[in-house]
Amino acid sequence: MNILSSLVFLIILGVGGGFFAKNVKKIIRNIKLGKDVNRSDRSSDRWKNMLLVAFGQKKMFSRPVPAILHFALYTAFIITQIELVEILIDGIFGTHRFFKPFLGGFYTFLISFIEILSVTALIATVAFLMRRNLLKLPRLNKAELLGWPKKDANLILIMEIILVTCIFTMNGTDEVLYSMGKSHFEGQGSFGFSVSQHLGPAIFGGLNEGVLLVLERIGWWGHFMMVMVFLNYLYYSKHLHIILAFPNTFFADLNPMGQFDNLESVTKEVKLMMDPNADPFAAPAPDADAAPSKFGASDVTDLNWVQLLNAYTCTECGRCTSSCPANQTGKKLSPRKIMMDTRDRLTEVGDNMDKNNGVFLEDGKSLLNDYITQEELWACTSCNACVEECPVNISPLSIIMDMRRYLVMEQSAAPQSLNAMMTNIENNSAPWQYSQMDRLNWKDEN
């Protein structure tokens, strides 16, 4: 029976792991559709940033209540991986509580600690469900969260409740079985786990050995199956941030907020124009077959790979949108929606490639206009509030600015007031419609 159980376990593990690896490969492929950008500099600063922001949850605590609830889930998720490792060993080799003989009393302490964390995680999960569905916090009930995003958030929380239930079913029935002297393996003694030693007898104490053994296996297999389901659900969920928060913070832009990059092609042209000794005819002739370079971004493939990683990392928490002055004053812009739209379009492009043997066939759509409107882009004040608020250093502003750059430099589609200012700068060397001779007259005014 143990051999058959181990075989079934290995099949499920192989299939689940295979699907997960396949989806990870898709995500990496999609992210690599973005333009190259160098983020290999300042390695020590990047490691520090990742440890403080992703691992240490530094930016979460600007809002204490959700931070404490999230920290309870986060620590439980991290520490319970120890129990998952034991389940994997037990499942493969047909053992039961593999670590117990080796760790002795420390094993009891370890699992007891995991149970306490699981209780706090359960409380946090229920609180998050209430915040979303009963309290209806404004930032969790915006228009962009209607439909699937709301179902996704609730579904992942329900999965967490099922997982915790499986843990206590497994441990609680084990406690009763050991107290009855009906252990799976002789000589291991009782556990005395902090929660299950009380919860187990209270719930399962009146059941016979056969029922207890079945319930224990349901809890054990349920724990394992929920992990497999959750692992493969991540690809379709906002909860990819569980994995991607770490590389996202490592590769985040370390420059001061508000410092924008210059287009290399434009910079070269300006330097050539400003250099009196430069010979414009000395430059090599452009490749006639090469596609012309695009200024700014109109679709996801025009963005860089870090921006696409940002889109996949977004957890839709809405801190960016709740801090956005444009959104607060009733304008259409929502930084969260910018990231969600970018991810949706990137997923659509990836699905297109999957259906056409890895080649993207033009679908008549683009990120600009089909997903993100010009009204949203021009509502942004470029204040960086969204970047400052994001718990994992996502930058919606960088995407907004690249798309604005496309509108201005490729389509001349800036608002009339901005076009007037740029015309004045070009003609008068000042934003105002004064002649160049008069543009410094303001200094003589009283």
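Here is a quick tour of this chain, from its overall build down to single residues. The model is predicted: local features need pLDDT of at least 70, side-chain atom pairs count only at pLDDT 80 or more, and totals for chains, interfaces and linings use all residues. Residues are numbered from 1 along each chain as its sequence is written, and side-chain values use heavy atoms, with hydrogens and water left out.

**Overall build**
- The chain has 20 helices and zero strands; these are DSSP runs numbered from the N terminus, with helices being H or I of at least four residues and strands being E of at least two.
- With a radius of gyration of 28 Å, well over the 22 Å that the globule rule gives for 446 residues, the chain is more spread out than a compact globule. That radius is taken over C-alpha atoms, and the rule is 2.2 Å times the number of residues to the power 0.38.
- Along the principal axes, the C-alpha atoms fill a box of roughly 100 × 55 × 40 Å.
- Of the 446 residues, 43% count as buried (buried is under 20% relative accessible area, exposed is over 50%, and partly exposed is in between, using a 1.4 Å probe and protein chains only).
- Take contacts (heavy atoms within 4.5 Å) between residues at least 6 apart in sequence: 76% of them join residues at least 24 apart.

**The surface**
- The accessible surface comes to about 23,900 Å², and 64% of that belongs to carbon and sulfur atoms. Such areas come from the Shrake-Rupley method with a 1.4 Å probe, and for residues only the protein chains shown count as cover.
- L4, L7, V8, I11, V15 and F19 make up a nonpolar surface patch with about 560 Å² of accessible area together. Patch members have over 30% relative accessible area and no salt bridge; nonpolar side chains (Val, Leu, Ile, Met, Phe, Trp, Tyr) are joined within 5 Å, and like charges within 9 Å.
- F19 sits in helix 1 (residues 2-31) and is partly exposed, at 49% relative accessible area.

**Salt bridges**
- Side chains of opposite charge can pair when their charged atoms come close.
- The whole structure holds 18 salt bridges (a side-chain nitrogen of Lys or Arg within 4 Å of a carboxyl oxygen of Asp or Glu).
- E144 pairs with R336, their closest N and O atoms being 3.1 Å apart. This pair links distant parts of the chain, 192 residues apart: E144 is in the loop between helix 6 (105-133) and helix 7 (148-179), and R336 is in helix 15 (residues 335-355). Both E144 and R336 are buried.
- D261 and R405 also form a salt bridge, with 3.9 Å between the closest N and O atoms. D261 lies in the loop between helix 10 (241-250) and helix 11 (264-274) and R405 in helix 19 (residues 396-409), so the pair ties together parts that are 144 residues apart in sequence.
- D299, R345, E348, D363 and K365 are linked in a salt-bridge network.

**Two loop residues to look up**
- R39 is in the loop between helix 1 and helix 2 (43-55). R39 is buried but has no salt bridge, and D253, the nearest side chain of opposite charge, is 4.4 Å away.
- F360 is in the loop between helix 15 and helix 16 (367-370) and is partly exposed at 28% relative accessibility. Leaving out residues up to four places away in sequence, F360 touches R345, V349, N352 and M353.

How values were computed: Lys, Arg positive; Asp, Glu negative; His and termini not counted.
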